Amino acid sequence: MKYKDALSYIKSGDALLFLGSGFSLGATTVNAEKLPGVTSLTSRMVESINDNLEESERIKYTDKNGNPKIFNFSKISNFYANHLGKKEFVSFLKSQFSVHDFTKAQSDIVNNPWLSIFTTNYDDIVEKISARTPVSRNTNKISEVDESYSVIHVNGAIQSINYNNVNDELTLTNESYLKNKFATSGLGEALTSLIKEAKVIFFVGFSFDSDLDIARLYLTTNAKDKTFFINGELDIEDKEILDQFGHVIEKYSNSFAEDIINTPGAVINRKAEDSIRAFKKVSKKFYAVKVGEAPNLLTNLIDHSDVEEKYILDDEYVVQRNFEMISDVKQYLEKYKVLIVHSRLGNGKTTYMKWLSRYLASEYNVWFFDDNNFEKFSSDIRVIKNRQSNPIIFIDDIYKLQENYSSFKNMSEDMRFIVSGRSSILEHSVPILQNQGHFDDSEIAYLPNLDIISEKDLNTFKLNIEKNNLWGSIDKKKVLSGASFSEILTEYFKASGIIKKYADLIKSETINNTDYKQIVICILILNSLSNQLKLNDLLHSLNLTIDEAMKKSDLLQEYIDFKNEDISVKGTVLSKELLHNNNLFTIDEILFTIHKIFCYYDNTDDKMSRFLSIKKSLVSFSNLHLILAKYAKHEKSKFNKRISNYYYTIQNMNFCKRNPFFWIQFANSCIFARDFAVALKYVQNARNYAKDSLQNQYQIASTEINIYVTRAEDRISANPKFFIDDLIKATILAEQVETSYILSLFAKLASKTLLDKYNELSENYKTDIYEQLLNVKLLIFKRESENYRLTKQEEKNALKLIEIMDKVRPTI
């Protein structure tokens, strides 16, 4: 990034400011003295100490040989506090760091809507400047970090101290340094999240010489290109050090201030409470659907997944699913910190989350996460925590936030989360959220699965469709109770002619236009994965731009809202049905588009979490299997070959080559193809790159167990000893895996083929199998005794485990 381009982000509120001691030069204290540096502060401390002590107790200015002493700042601070008392020590510090006046350049720099301001200085220059300007800022204590739109004093703020807390709020004395505040107070986490969020970071008057903790952290952030140092003219050795961290601009503060003023654009005036951008406050208002509007609203809702949220509480628009459970939800909110909404893909999680959030907003303080603002999540969640009472946070597709799970820790006691996700992915994701967010088993509860629609809710849905004449030629008898919501929608799409309409448009306009076909495939893929892109991002990924011909295309008009530059068709179920239509797209066309999107985002410099989420989605084997399900089922050989080729093609790309997640997905594809030897090789690759990440270790262990239990039929037929060896390895790995996944994996050993095989084994082999499964059972029992509650599906899988044990139980 160029310096001139970076300046433009300051006035828009997207830049982070980091101040060092050089920034405060020129300001004066309440004593009409210049603000001291470390050396002058130490000298002033020694003078003050000697003025207040008897001659025999005073600090000597020379050593035994008569040479001038070089005083240690921390030792002198400690001596002052111990001998003159903390009250005097605080009084002295306040006289040295309370600012009375400052320069115009300092004011011109601070008086901008910085995302936040970090400073290693004790003085209150930023606060004093802010008090005389329209920009409102909050001073953060070390012990209470709330980074959004605030001043964060890394070493403590002079405004925050008194004689009781000086060792807690200032890093000065031996006692305060020993507490290692940067590592334990959340400052590092706050800085990391803000570096990720900021478009650009400016360091003014700062060097890393005495701030090694910050230097080490900064090197891990990959923020070099968007970092700029304003330090005036530097010696070559000092410049070389800063060059490791960013661009060195050899200008002084006054020139930097002038550059900001001369940069085009109006300064926004954002108050601290307006800084929440990753969450939307859910309205309490209720609106009834107006007469005559229902058919269009329902069509847009069902066909395009376009939810008109202000009407969402009207039962004639959105079915209020599981309404009889609402009192239970309220009771759960009193008891649990995290409630989980779950189902398979396409069964209405997102709409249900929006409905539930709106319903609860009449009684609670409800916020909904906007997944276009991943970078603001960590900072905004703290703002809500510190400034909102009893908040309930809704997060749809929680696994997209996996990089931010640590932000959940240290949340306030009155904060509650309602999160959603696909059932299969939650098996992996919830244990990681639990560990990184510091949630106990007793703090998490699952709400009823949304896969099956109740008889009452089904009748309401039928009535709404019938009243608005939307059935088409559907045979209503086919819409039976016990069907999943996605199955009901699929039947509706087929019978009402919607699938045929879209299919005919695709056939008619894509025969000679591969660009249009790629646009449609891209939209359908991302919809199927519930992973939305803005229109411009989507077109950029395909190296396309909007032209007049596109705007006139009947096909693209169905998929794109050109006026608002948005995607029109967003429905998961409809998108899956179109992708799986045999006559529309080939497996090669779909994989070519996936590869093209992935390559674009792999080569972009943008580190935004929402793009990271898309890359993970396009690498995930379960997602590829979902998108190409018809080939995986009916043309397995072709599917395996194409998927393997796709992974081989991308394995050396930036996102993949040293990423454990990629190698786990490659291994999963090999498990599906029953190429177990290669799968184990890729698991080892994942382990080599995993380091100490709990998330990676958990997924690696799960994948390796999956290899052992999936190849059980092959191994037990070839040689039962091989099967026993695999079972022992799987049992050892089970300690690292979450209960639900242990049970679902080991339940695979209860297939009919294997149950028949167990009968043919010798007693010795049966005993070995029994002992290993007993170990698994004891592990589950231990976890149950620690307040872990098995779900109904887990209980079913546990019974399969018992069924195997009954088959191989040793005879006495």
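At 14% relative accessibility, Asn322 counts as buried, because the cut-off for buried is under 20%. Asn322 sits in the loop between helix H14, residues 294-304, and helix H15, residues 326-335. Its phi is near 55°, a positive value in a residue other than glycine. That deserves a remark, because most residues other than glycine have a negative phi. Before I go on, please keep in mind that this is a predicted model.

A second residue with positive phi is Ala32, where the value is near 65° and the residue is again not glycine. Ala32 is also in a loop, the one between strand E2, residues 28-29, and helix H2. Is Ala32 buried or exposed? Ala32 is exposed, since its relative accessible area is 68% and the cut-off for exposed is over 50%.

Now the chain as a whole. The protein chain has 40 helices and 17 strands. It has 812 residues, of which 55% count as buried. Take the contacts between residues at least 6 apart in sequence: 75% of them join residues at least 24 apart.

H2 covers residues 38-51, and it packs against helix H3, residues 73-84, at an angle of about 30° with the axes 10 Å apart. That angle makes H2 roughly parallel to H3, because angles under 35 degrees count that way. The crossing of these two helices is left-handed. On the H2 side, the contact is made by Val38, Leu41, Thr42, Met45, Val46, Ser48 and Ile49. On the H3 side, the partners are Phe73, Ile76, Ser77, Phe79, Tyr80 and Leu84.

Compare another pair, helix H20, residues 485-495, and helix H26, residues 572-579. Their axes come within 10 Å and cross at roughly 60°. This crossing is right-handed. From H20, the residues Ser486, Leu489, Thr490, Phe493 and Lys494 meet Val573, Leu574 and Glu577 of H26.

Now some single helices, and which way their residues face. Helix H10 spans residues 187-197, and eight of its 11 residues are buried, so H10 is largely enclosed by the rest of the structure. The buried ones are Leu187, Gly188, Ala190, Leu191, Ser193, Leu194, Ile195 and Glu197.

In helix H13, residues 253-262, the buried residues include Ser253, Phe256, Ala257, Asp259 and Ile260. They cover an arc of only 160° around the axis, and therefore lie on the same side of H13. What covers the buried residues of H13? The cover includes helix H1 (3-11), helix H5 (104-110), strand E7 (200-204) and strand E8.

Strand E8, residues 227-230, leads me to Thr220, which is in the loop between helix H11 (212-219) and that strand. Thr220 counts as exposed, because its relative accessibility is 61%. Thr220 and Thr192 are 28 residues apart in sequence, and their C-alpha atoms are 9.1 Å apart in space.

For contrast, look at another threonine, Thr119, in strand E4, residues 117-119. Thr119 has a relative accessible area of 3%, so it is buried. Leaving out residues up to four places away in sequence, Thr119 touches Leu19, Val151, Ile152, His153, Val154 and Asn155.

Which residues of H33 are buried? They are Phe676, Ala679, Tyr682, Val683, Ala686 and Ala690. These cover an arc of only 115° around the axis, so they are on the same side of H33. On the other side of H33, the residues Ala677, Lys681 and Asn688 are exposed. After H33 comes Lys691, with a positive phi near 60°.

That returns us to the topic of the opening, positive phi. The residues to look up are Asn322, near 55°, Ala32, near 65°, and Lys691, near 60°.

Conventions:
Residues numbered from 1 in each chain as written. Predicted model: local features only at pLDDT ≥ 70, side-chain atom pairs only at ≥ 80, totals over all residues. Heavy atoms only, no water. Buried < 20%, exposed > 50% of the residue type's maximum accessible area, 1.4 Å probe, protein only. Helix = DSSP H or I, 4+ residues; strand = E, 2+ residues; numbered from the N terminus. Arc of directions from axis to C-beta. Axes fitted to C-alpha atoms, helices over the stretch in contact; angles between N-to-C directions. Parallel < 35°, antiparallel > 145°, perpendicular 65-115°, else oblique. Left-handed = near helix turned anticlockwise from the far one by under 90°. Contact = heavy atoms within 4.5 Å.
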